[in-house]
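Subject: Structure handover

Hi,

Here is the structure I said I would pass on to you. Please open it next to this email and look for each part as you read.

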Amino acid sequence: MTREPVGVVGMITPWNFPIAIPAWKIAPALAYGNCVVLKPADLVPGCAWALADIIQRSGIPPGVFNLVMGRGSVIGEALLQHKGVDAISFTGSVETGGRIAQSCAAGLKKVQLEMGGKNPQVVLDDADLKTAVECTVNGAFFSTGQRCTASSRLIVQDGVHDKFVDAVVERLKGLVVDDALKSGTHIGPVVDQNQLDQDLKYISIAKDEGGKLVWGGELLNREAPGFYLQPALFTETTNSMRISREEVFGPVANVVRVKNYDEALTVANDTEFGLSSGICTSSLKYASHFRRNSEAGMVMVNLPTAGVDYHVPFGGRKGSSYGPREQGAYAREFYTVVKTAYTLPV
């Protein structure tokens, strides 16, 4: 048995990690002998150009790596329809991912999809409060909440609920929202007006559903132009509300109160997504059980749900991912094809 390059790989990447995501797709693709056509997000052409410049200066043969700019509806569609493209690796929304999967199936192209998340951060009564607060604030609000692995659902056991909420609010009060390039800034602006409008829409939806806004959600003015939004934290929400079901992709999180660990696990798994999940507990019993029974591709114990190493597989379950995992040794499952050969000695 041998492995061979899959061929020409089209890559469609998002704006939230404009260097990291293209890099962790491109590196294994080239290492396994493929050619690459990269279509970056419209909002971040500069990062893609810088990465392309680094790659071409490495001495790579002409035509092995290619960068194309333009609207996804035009360039992305061309990659999907072109018979010379053998595989598509996509990171982005569930809606777009679904359309890509259908197109790739029709064209018999290999496909790898990384899509959304509605990741739970469980906090049990026995958790170290400081650790739980840091995991929550980091996972939910850092990178302006614009991560598919962000912990936007905070599932908190009744006994620690009030102390936890108060501690998170105090932590949020100390965070600086400002220009991301300015020293001392903790949280930068939302990426653009469209995303800001979406964040504000879900804040309004959560209020209309009966959620209580205990902190944030206000627009902020800063010296540098930008779309600055104060991190928003809701309580008195249930897992059936839209704020608990749909991905916001901004600095917005809601707390769901539960009675015990069993209810916490049930609520955590009650979602159409399954990318990342986390639990804060001092119990080895609960940590081990959650690790085995959480319906997510990545599980964190006493750590933020966002942030993984490049040498381990990245990906989820349900509506979060489709196809082979990214990163690590598992990348070969997508970027190569297996050939079985028999030889009869003569």
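Below are my notes on what turned up, region by region.

First, the ground rules: this is a predicted model, so local features need pLDDT of at least 70, side-chain atom pairs count only at pLDDT 80 or more, and totals for chains, interfaces and linings use all residues. Residues are numbered from 1 along each chain as its sequence is written, and side-chain values use heavy atoms, with hydrogens and water left out.

Helices (H or I, at least four residues) and strands (E, at least two) are DSSP runs, numbered from the N terminus. Two strands count as paired if DSSP finds at least two bridges between them.

There is an open sheet of six strands with mixed pairing, in the order β4-β3-β2-β5-β6-β16. Its edge strands are β4 (65-67) and β16, each of which pairs on one side only. At the β4 end, strand β3 (residues 35-39) pairs with β4 in the parallel sense over three bridges, and L38 has L67 in β4 as its bridge partner.

Now move along to β6. Strand β5 (residues 87-91) runs parallel to β6, joined to it by five bridges, and F90 stands opposite L113 in β6. To get from β5 to β6 the chain goes through helix α4 (residues 94-107), and this β-α-β crossover is right-handed (with the strands pointing away from the viewer, the path from the first strand over the helix to the second runs clockwise). In the pairing with strand β16 (residues 321-322), β6 runs antiparallel, with two bridges. Here L113 stands opposite Y322 in β16.

Buried means under 20% relative accessible area, exposed means over 50%, and partly exposed is in between (1.4 Å probe, protein chains only).

E114 lies in strand β6 and counts as buried because its relative accessibility is 3%. Its contacts (heavy atoms within 4.5 Å) include F90, T91, G92, L275 and F314, not counting residues up to four places away in sequence. Also, the C-alpha atoms of E114 and G319 are separated by 9.0 Å, with the two residues 205 apart along the chain.

**The cores**

A nonpolar core here is a set of buried Ala, Val, Leu, Ile, Met, Phe, Trp, Tyr and Cys residues joined through side-chain atoms within 4.5 Å. In soluble globular proteins, nonpolar side chains tend to be buried together.

Which residues touch the most other members of the largest nonpolar core? They are F141, F164 and L233, out of 25 residues. At least two residues of this core come from each of α5 (129-141), β8 (153-157), α6 (158-173) and β13 (252-258). A second, separate core has 15 residues, including V9, M11, F65 and A87.

β13 pairs with β8 in the parallel sense over five bridges, with N254 in β13 as the bridge partner of R153. Strand β12 (residues 232-237) is also parallel to β13, with four bridges, and A232 stands opposite V252 in β13.

**Pockets and cavities**

On a 1 Å grid over the protein atoms alone, a cavity is a set of points where a 1.4 Å probe fits but cannot get out, while a pocket is an open set with protein on both sides within 12 Å along at least five of seven lines; lining residues have an atom within 4 Å of a point. Grid points are joined across faces, edges and corners, and a volume is the space filled by probe spheres set on the points.

The largest pocket holds about 1300 Å³ of space. It is lined by 41 residues, and the closest to its centre are W15, F90, G92, S93 and T96.

Of its 13 lining residues, A150, S152, E247, V248 and F249 are the closest to the centre.

F249 has a positive phi of about 65°, although it is not a glycine. You'll find F249 in the loop between α8 (242-245) and β13.
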